[in-house]
Amino acid sequence: MLVTTRDGQQHRVRFIPGQMLMDALFDGKIMELRALCGGCLTCATCHVYVDDPENPAARAPFGELESVVIGGLREPRPNSRLACQLVLSAALDGLAVTLAAEG
């Protein structure tokens, strides 16, 4: 997976199918992602953009709570996801995400 950090640097990160994106980012040493609530869906500090809006990860239906949390963000986009809610699969090999600005 390709991850673009807030400073525009790109990093290759490996993941295990079934792993949450948030955990894969931490395992890949992408420490800009705050994820203050630890994946409990209460803070939105793990907000990312799926770079290819046609990617299944961008089009996957949100859970009701993820939709509410994303709807309350300052700059949500159609390709916004919370890394704590996006389960990675082999079908998402080649996924590219950008960390959203903090706040």
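Helices (H or I, at least four residues) and strands (E, at least two) are DSSP runs here, numbered from the N terminus. A residue is called buried under 20% relative accessible area, exposed over 50%, and partly exposed in between (1.4 Å probe, protein chains only).

The model is predicted: local features need pLDDT of at least 70, side-chain atom pairs count only at pLDDT 80 or more, and totals for chains, interfaces and linings use all residues. Residues are numbered from 1 along each chain as its sequence is written, and side-chain values use heavy atoms, with hydrogens and water left out.

Strand 3 covers residues 47-50, and all of them are buried. His47 and Tyr49 point one way from the strand, while Val48 and Val50 point the other way. In a regular strand the side chains alternate between the two faces of the sheet.

Two strands are said to pair if DSSP finds at least two bridges between them. Strand 3 runs antiparallel to strand 4 (residues 80-82), with three bridges joining the two. Within this pairing, Ser80 of strand 4 is the bridge partner of Tyr49. Strand 3 is also antiparallel to strand 5 (residues 96-99), again through three bridges. On that side, Val48 stands opposite Leu99, and Tyr49 stands opposite Thr98.

Strand 5 has a further pairing, with strand 1, in the parallel sense and over three bridges. There, Thr98 is the bridge partner of Thr4.

**Salt bridges**

A salt bridge is counted when a side-chain nitrogen of Lys or Arg is within 4 Å of a carboxyl oxygen of Asp or Glu. By this rule there are three salt bridges. Side chains of opposite charge can pair when their charged atoms come close.

| Pair | N to O distance |
|---|---|
| Arg6 and Glu32 | 3.7 Å |
| Arg34 and Glu102 | 3.1 Å |
| Arg81 and Glu66 | 3.0 Å |

The side chains of Arg6 and Glu32 form one of these salt bridges. Arg6 lies in the loop between strand 1 (2-4) and strand 2 (10-12), and Glu32 in the loop between helix 1 (21-27) and strand 3, so the pair ties together parts that are 26 residues apart in sequence. Arg6 is partly exposed, at a relative accessible area of 29%, and Glu32 is partly exposed at 26%.

Arg34 and Glu102 form another salt bridge. This pair links distant parts of the chain, 68 residues apart: Arg34 is in the loop between helix 1 and strand 3, and Glu102 is in the segment after strand 5. Arg34 is partly exposed, with a relative accessible area of 43%, and Glu102 is also partly exposed, at 43%.

The salt bridge of Arg81 and Glu66 joins strand 4 to helix 3 (residues 64-71), so parts 15 residues apart in sequence are tied together. Arg81 counts as buried, with 3% relative accessibility, and Glu66 counts as buried with 2%.

Contact in general means heavy atoms within 4.5 Å. Leaving aside neighbours within four places in sequence, the contacts of Arg81 include Cys46, His47, Val48 and Val50, together with Phe62, Glu66, Ile70 and Leu86.

In helix 3, Glu66, Val69 and Ile70 are buried. Seen down the helix axis, the buried residues fall within an arc of 95° (taken from the directions from the helix axis to the C-beta atoms), so they line one face of the helix. Glu64, Val68 and Gly71 are exposed on the other side of helix 3. Strand 4 is included in what covers the buried residues of this helix.

**Nonpolar core**

A nonpolar core is a set of buried Ala, Val, Leu, Ile, Met, Phe, Trp, Tyr and Cys residues joined through side-chain atoms within 4.5 Å. The largest such core has 29 residues, and Met1 and Leu21 have the most contacts inside it. Helix 1, strand 3, helix 3 and strand 5 each supply at least two residues of this core. Helix 1 gives the most, with four residues. Leaving aside neighbours within four places in sequence, Leu21 is in contact with Met1, Val48, Ala83, Leu86, Leu88 and Val97.
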